[in-house]
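Visitor: Please show me the sequence and the structure, and then let me ask about them one point at a time.

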Amino acid sequence: MRTAKTLLLAVLLCLILLCVDLGCSPRNFLTRRLAADLISASDTFKAPQLFWLRTGIVSNKDFSSPDYMVLQHRGWIIGSEQKCPAGVDPPPCWDVLLTPLGVDTVRPLISSSLPDNGRDHGPIGIQVARRELLGISGISKAANFAEVEFTWRWVSINQVGAALYDSGVRYRSTVGFRSYDDGWRVVDETVPSNQTLDEALRNAQPTAP
């Protein structure tokens, strides 16, 4: 028994020394925990979801879209039917205005850092939700490349986000990873057989909880 334990300790010591010699770090081993940490820390994943609210004359297609219907139902916007100006279709068009309740709701959320935000009836950019990583579903490795499947959801950060996004909906995405000399990284540029994180999030498929 002692001989077996001694042999095991010797093997472990050799592996540790080998890793030290090769400059190994926790990032050299693509575990589910590392994959989750790298995805969550990515600027792409952390970027908030923007909702662009356009007031003034909009087409019937925009005014009857699901997002605008939600805002109408909440009493945040109203629209009066108008003749469509040149280049705006299909008719009828609508002159969209924020209601007093809508002004009280939206004004504190408007980001002054966004260019031309709401200027001259331009679109108003509102940060409404953030992504939350729920878990890593699986990892498939091939040499220095890997594909990581993960699930995530939108979490609202204000009233508008809560109205537009259902936090109960789960999404499934697959993103590429690549191994470098300093460890694994999330793919941030297109390489064969791998999706960037931005592509993975845009191509996400809703999945059952």
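**Inside the model**

Visitor: Which residues line the largest cavity?
Guide: The lining of the largest cavity is made of F51, L53, L71, W76, I77, L98, V106, I126 and V160. By cavity is meant a set of points, on a 1 Å grid over the protein atoms alone, where a 1.4 Å probe fits but cannot get out, and a lining residue has an atom within 4 Å of a point. With Ala, Val, Leu, Ile, Met, Phe, Trp, Tyr, Cys and Pro counted as nonpolar, Asp, Glu, Lys and Arg as charged, and the others, Gly among them, as polar, this lining holds no polar and no charged residues, and the number of nonpolar ones is nine.

Visitor: What kind of model is this?
Guide: Residues are numbered from 1 along each chain as its sequence is written, and side-chain values use heavy atoms, with hydrogens and water left out. Local features need pLDDT of at least 70, side-chain atom pairs count only at pLDDT 80 or more, and totals for chains, interfaces and linings use all residues, since this is a predicted model.

Visitor: Which element gives the largest share of the lining of the largest pocket?
Guide: A pocket is an open set of grid points with protein on both sides within 12 Å along at least five of seven lines, and the largest pocket holds about 190 Å³ of space. Of its 13 lining residues, the closest to the centre are S42, V186, V187, D188 and L197. Two or more residues each come from α2 (32-41), β8 (183-186) and α8 (197-202), and the largest share, three residues, comes from β8.

Visitor: How many helices and strands are in the chain?
Guide: Helices (H or I, at least four residues) and strands (E, at least two) are DSSP runs numbered from the N terminus. Counted in that way, the chain has eight helices and nine strands.

Visitor: Which residues of α2 are buried?
Guide: Buried means under 20% relative accessible area, exposed over 50%, and partly exposed in between, with a 1.4 Å probe and protein chains only; of the 209 residues in the chain, 33% are buried. Taking contact to mean heavy atoms within 4.5 Å, what covers the buried residues of α2 includes α3 (43-46), β5, β6 (145-156), β7 (170-180), β8 and α8. Those buried residues are L34, A35, A36, L38 and I39.

**Rings and loops**

Visitor: How many degrees lie between the planes of F63 and W94?
Guide: Rings of Phe, Tyr and Trp (its six-membered ring) pair if their centres lie within 6.5 Å, and planes under 30 degrees apart count as stacked, over 60 as edge-to-face and the rest as tilted. The structure has five such aromatic pairs, among them the stacked pair of F63 and W94, at 4.8 Å centre to centre and 20 degrees between the planes. F63 is buried because its relative accessibility is 8%, and the angle asked for is 20 degrees.

Visitor: Which residue has its charged end over the ring of W152?
Guide: W152 forms an edge-to-face pair with W154, at 5.3 Å centre to centre and 85 degrees between the planes, and ring pairs link W152, W154, Y165 and Y171 into a cluster. W152 counts as buried because its relative accessible area is 2%. A charge sits over a ring if NZ of Lys or CZ of Arg is within 6 Å of the ring centre and within 35 degrees of the ring normal; at 5.5 Å from the centre of the W152 ring, the residue is R131.

Visitor: Is A143 buried or exposed?
Guide: Most residues other than glycine have a negative phi. A143, in the loop between β5 and β6, has a positive phi of about 55 degrees although it is not a glycine. Because its relative accessibility is 75%, A143 counts as exposed.

Technical notes. Points joined across faces, edges and corners; volume = space filled by probe spheres on them.
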